[in-house]
Amino acid sequence: MSTGVQNLPRVRASELVGRGWLNTGGQDVTLADLRGKVVVLDFWTFCCINCLHVLDELREVEEQHRDELVMIGVHSPKFEHEADPDALAAAVERYEVRHPVLDDPELVTWGAYTARAWPTLVVIDPEGYIVAQMAGEGHGSAIAALVSDLIAEHGAKGTLHRGSGPYVPPAPASGTLRFPAKALALPNGNLLVADAGHHSLAELEPDGETLVRRIGSGERGLVDGGPGEARFSEPNGLCLVPSDLTASLGYDVVVADTVNHALRGVRLSDGAVTTLAGTGEQFMVGGQENVTGTVGAFEAGESYDSLSVRLSSPWDVEWSAELGAFVVAMAGNHTLWDFHPGPHLPVVSLLAGTMNEGLEDGPGAGAWFAQPSGLATAADGALWLADAETSALRRLAPVDETDVTVETVVGQGLFDFGHRDGAAGQALLQHPLGVAVLPDDSVVVADTYNGALRRYDPTSGEVTTLAKDLAEPSDVLVEVADDAVHLLVVESAAHRLTRVALPATLAGEVLDGGAHKVARPATDVGSGALRLDVPFAPAPGQKLDDRWGPSTSLQVSATPPELLLSGAGTGTDLFRDLVINPDVAEGVLHVTAKAASCDEVPLLPNGEPDPDVFPACHLAQQDWGVPVRVVPDGEAGLTLPLRG
């Protein structure tokens with residue numbers, strides 16, 4: 001099977017051009033300043049869960065080689081809100097980015113390096129030449145091996161410069177909360193807040209300000225134990241355990257511990273924390289080791305011991321009486337899972353989603369999601385879902401204890417967003433993260449990147465704005481007292497909880513802030529034959545891993561489907577001959593590529609592989625949505641490096 005690998009020509013890296021720099025003490029950085037260092041450019045946008053995964057993948061190699069390696073984040077935004085310099089500065093702090101970041105709001109440097117996907121990684125050698133380009137996640141081991149090889153090569157040549165780089169750490173922030181994510185009303189009247197920036201939970205008095213206690217040491221990690229020793233990593237969703245289950249389960253709150261890829265249980269009486277689901281490692285779509293002890297492994301619809309399955313950035317969790325389980329919004333692989341907490345053998349299973357990113361309704365098994373991030377239960381037992389990357393509000397109706405149907409109420413797709421009220425079919429949101437149900441069964445959405453609270457009324461089918469000018473609201477709680485309704489808003493970027501009073505009618509304003517599309521330059525292609533290549537080369541010391549079947553896969557589709565006369569579908573070669581329809585002027589090519597590799601096993605003197613060495617496996621994967629324009633003199637080839 002061909003991997004489509006092509007040798008890259010020896011090309012000088014382009015200059016780093018943008019609006020300004022962060023994490024440099026106010027200084028600009030040029031490629032000349034970086035000569036003598038191994039440089040990794042990380043093209044990212046802070047809405048993107050895959051980009052956040054890459055930040056975590058590369059932390060270890062970044063710390064290990066601080067004297068020889070300079071990471072540069074190139075922030076090329078998808079959403080309008082992400083182009084705001086203050087929002088970017090907050091995101092750099094929120095996600096503990098410990099390297100310089102170039103603010104690239106006009107996608108100038110993005111275009112210079114022909115990036116086509118978030119995330120994209122580019123490796124530059126100490127002499128200023130590009131040596132590799134990679135798209136997607138799962139490249140941590142490849143970057144580590146390549147950096148080590150470049151350090152050895154250029155150390156021997158005398159072209160490596162060791163010493164400090166341009167990174168200047170920002171001043172430490174202080175305050176009770178730091179980028180709080182979600183909040184929960186406790187039976188005693190207090191509030192429990194997922195204090196993501198402090199890697200802990202904060203219990204506050206009802207005023208939303210006074211700290212009662214903290215659960216978690218504040219250090220990033222995955223450690224069980226008492227409130228002072230337990231560790232979390234950017235926790236998000238919180239859910240109360242039904243009162244009739246707490247005694248048998250031994251915990252009162254379930255926490256979506258996002259960056260640990262785990263669910264945690266918290267006992268409120270003493271603050272003890274236990275791990276309920278997840279191994280601490282990330283589920284990789286198509287990976288061979290997603291379930292401990294199972295070769296080849298994960299099967300949708302099957303139930304697994306909850307502590308044996310890798311999860312992927314769980315963002316929220318909600319109890320469903322109809323399903324008899326906790327439903328988990330699994331942002332990292334665009335799915336919904338359920339967690340059955342039986343006292344003897346807790347199990348998890350895939351509830352809905354194909355692990356493809358997009359907006360498709362219907363039966364759960366075939367539905368597409370995009371970073372599902374907020375859940376709330378309706379009076380009729382349905383679940384409301386904030387689907388962040390499609391800027392959508394969606395409704396999940398249980399069919400039985402193992403299935404749901406999915407309906408999109410607000411949202412157009414991955415590349416359409418805005419702030420527009422009115423009929424739900426035309427209304428627009430921008431990357432919502434939270435959702436709650438009002439007393440009249442209407443729905444309030446924490447419309448995060450619009451800085452607003454929005455209301456959807458199922459009776460009228462209308463969307464209105466309840467509040468605006470909020471700082472990245474990520475969750476909302478509904479409080480009813482003395483016939484008055486207040487919304488307790490988690491203003492994540494303002495590090496606080498804020499109460500908003502609602503009128504008796506619960507109605508809001510009708511606003512139209514306009515519609516937007518993700519602004520990426522289209523690729524000009526010709527009609528007829530188009531050769532698609534997805535180069536992939538295993539990292540140094542690795543080889544393609546075909547122990548459990550083909551090591552590579554390529555899936556191609558188009559919007560509109562008529563754009564492709566042929567070439568759509570799934571195959572095992574990382575190249576495809578497409579035929580572009582001359583009668584379609586423009587569209588988007590959707591390409592998903594995966595490649596599995598494993599470490600090479602050392603040989604014994606007799607030439608046989610060492611049976612005591614078990615090779616580690618690695619999976620690289622990426623989804624591209626490539627806007628194309630069909631023109632007479634367009635390109636006849638399209639190259640999307642997975643790792644080349």
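Is phenylalanine 417 buried or exposed at 2% relative accessibility? In this predicted model, phenylalanine 417 counts as buried, because its relative accessibility of 2% falls under the 20% cut-off. Its partner in an aromatic pair is phenylalanine 79, which is likewise counted as buried, at 1% relative accessibility.

The structure holds 10 aromatic pairs. A pair of aromatic rings is described by the distance of the centres and the angle of the planes. For phenylalanine 79 and phenylalanine 417 the arrangement is edge-to-face, with 4.9 Å from centre to centre and 70° between the planes. The two residues belong to distant parts of the chain, 338 residues apart. Phenylalanine 79 is found in the loop between strand 4 (69-75) and helix 3 (85-94), whereas phenylalanine 417 is part of strand 26 (residues 416-420).

Phenylalanine 283 is buried, with a relative accessible area of 3%, and tryptophan 337 counts as buried at 1% relative accessibility.

Aromatic residues also occur in a cluster, which is formed by Phe43, Trp110, Tyr113 and Trp118. Arginine side chains are placed over aromatic rings as well: arginine 12 lies over the face of tyrosine 129, at 4.2 Å from the ring centre, and arginine 264 lies over the face of phenylalanine 232, at 5.0 Å from the ring centre.

Key:
Residues numbered from 1 in each chain as written. Predicted model: local features only at pLDDT ≥ 70, side-chain atom pairs only at ≥ 80, totals over all residues. Heavy atoms only, no water. Phe/Tyr/Trp six-rings, centres within 6.5 Å; stacked < 30°, edge-to-face > 60°. Helix = DSSP H or I, 4+ residues; strand = E, 2+ residues; numbered from the N terminus. Buried < 20%, exposed > 50% of the residue type's maximum accessible area, 1.4 Å probe, protein only. Lys NZ or Arg CZ within 6 Å of the ring centre and 35° of its normal.
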